[in-house]
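Visitor: Before we look at the model, could you take me through how its features should be read, one after another?
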Amino acid sequence: MNMASPLEARSLSLVREGNAVLDGVSFTVAKGEIFALLGGNGAGKSSTLLTFLGFLEPSGGEVLVNGRSVGSDVAAARNAIAYLPEAASLYAHMTAYENLDYFLDLAGKSATKDEIDVALDRVALPNEARSRRLQSYSKGMRQKSAIALALLRETPILLLDEPTSGLDPVAIDEFHDLVKTLAEGGQTVLMVTHDVYGACQVADRVGLLRHGKLVGSFAAENGQRIDTETVHAAFAGREAT
Ligand SMILES: Nc1ncnc2c1ncn2[C@@H]1O[C@H](COP(=O)(O)OP(=O)(O)OP(=O)(O)O)[C@@H](O)[C@H]1O
């Protein structure tokens, strides 16, 4: 049995176009854990996700997926990961059914309409919407469709880039509940965001990224959520020293 952490960054450094974007970042995300990487614009959050997907190559250190260096087996890493970029990842001109069928096929999998319905039920995408093109969907509905695809692909790891930006408060709560349910079922979640409140609400652990360095870490303890005020103060650079 593979006991390695699903996700690990080891002294990860990254240079993009001559700029040091990540500088010695280390963290692990355990199976079933939700880890939120919090940081301001340009802190290096999206770059971190792209490195786990093998789209960016570390200039120092390494990233591992299920204990294997991504550099040594990009395909294995990508097979294990469902990635939700900030902008839509599915086709606007196709229905939810067509999108899921098409992207499953690309992933070398297939599902019956009933199986697709089960996944869409789990993410609570309304029945009436499923045969409509995604261009008529809200962002929340597109997110749900993308999560349903991850469920059908049976990927054990979810990478989420600013998953709740542009969602209304009700949709944010629904999305957080869904992510928590998935994590309780064993999914490992790495999300990046600049939403302090959302990160503290959903994550088991929050890491604070500033100018490419991990400068703080906060964990939920004794069943309590992470304290938003504490993290907000640290984010704003007002933490007690
Ligand atoms: N395509 C690119 N080529 C070169 N440098 C880039 C590229 N994309 C981003 N960068 C630089 O990398 C740094 C980190 O960007 P990244 O997108 O990872 O940050 P982020 O924390 O996700 O920011 P945001 O919250 O604004 O999305 C920034 O300084 C940015 O200018």
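Guide: Let us begin with a term we shall need: a residue is near a molecule if its C-beta atom, placed from the backbone, lies within 6 Å of it. In this predicted model, 13 residues surround the ligand, and the closest are Arg16, Asn41, Lys45, Ser46 and Ser47.

Visitor: Which element gives the most to the shell around the ligand?

Guide: Helix H1, with three residues, gives the most to that shell; strand E2 (19-29) and H1 (45-52) each supply at least two of the shell residues.

Visitor: How many residues of the shell are nonpolar, polar and charged?

Guide: The shell around the ligand has two nonpolar, eight polar and three charged residues.

Visitor: What should I take from the confidence values?

Guide: Since pLDDT is the predictor's confidence in each residue, from 0 to 100, one may begin with the protein, whose mean pLDDT is 92, with 98% of its residues reaching 70 or more. Among the elements, strand E4 (residues 60-65) has the highest mean pLDDT, 98, whereas helix H5 (residues 139-153) has the lowest, 89. For the complex, the predictor gives an ipTM of 0.95 and a pTM of 0.91.

Visitor: Is H5 mostly covered or mostly uncovered, and what span does H5 reach from its first C-alpha to its last?

Guide: H5 is mostly covered, with 13 of its 15 residues buried, and H5 reaches 21 Å from its first C-alpha to its last, close to the 21 Å expected at 1.5 Å a residue. Just after H5, Glu154 takes a positive phi of about 60 degrees.

Key. Residues are numbered from 1 along each chain as its sequence is written. This is a predicted model: local features need pLDDT of at least 70, side-chain atom pairs count only at pLDDT 80 or more; totals for chains, interfaces and linings use all residues. Helices (H or I, at least four residues) and strands (E, at least two) are DSSP runs, numbered from the N terminus. The expected span of a helix is 1.5 Å times one less than its number of residues. A residue is buried if 20 or more other C-beta atoms lie within 10 Å of its own, exposed if 12 or fewer, and partly exposed in between; C-beta atoms are placed from the backbone. Ala, Val, Leu, Ile, Met, Phe, Trp, Tyr, Cys and Pro count as nonpolar, Asp, Glu, Lys and Arg as charged, and the others, Gly among them, as polar.
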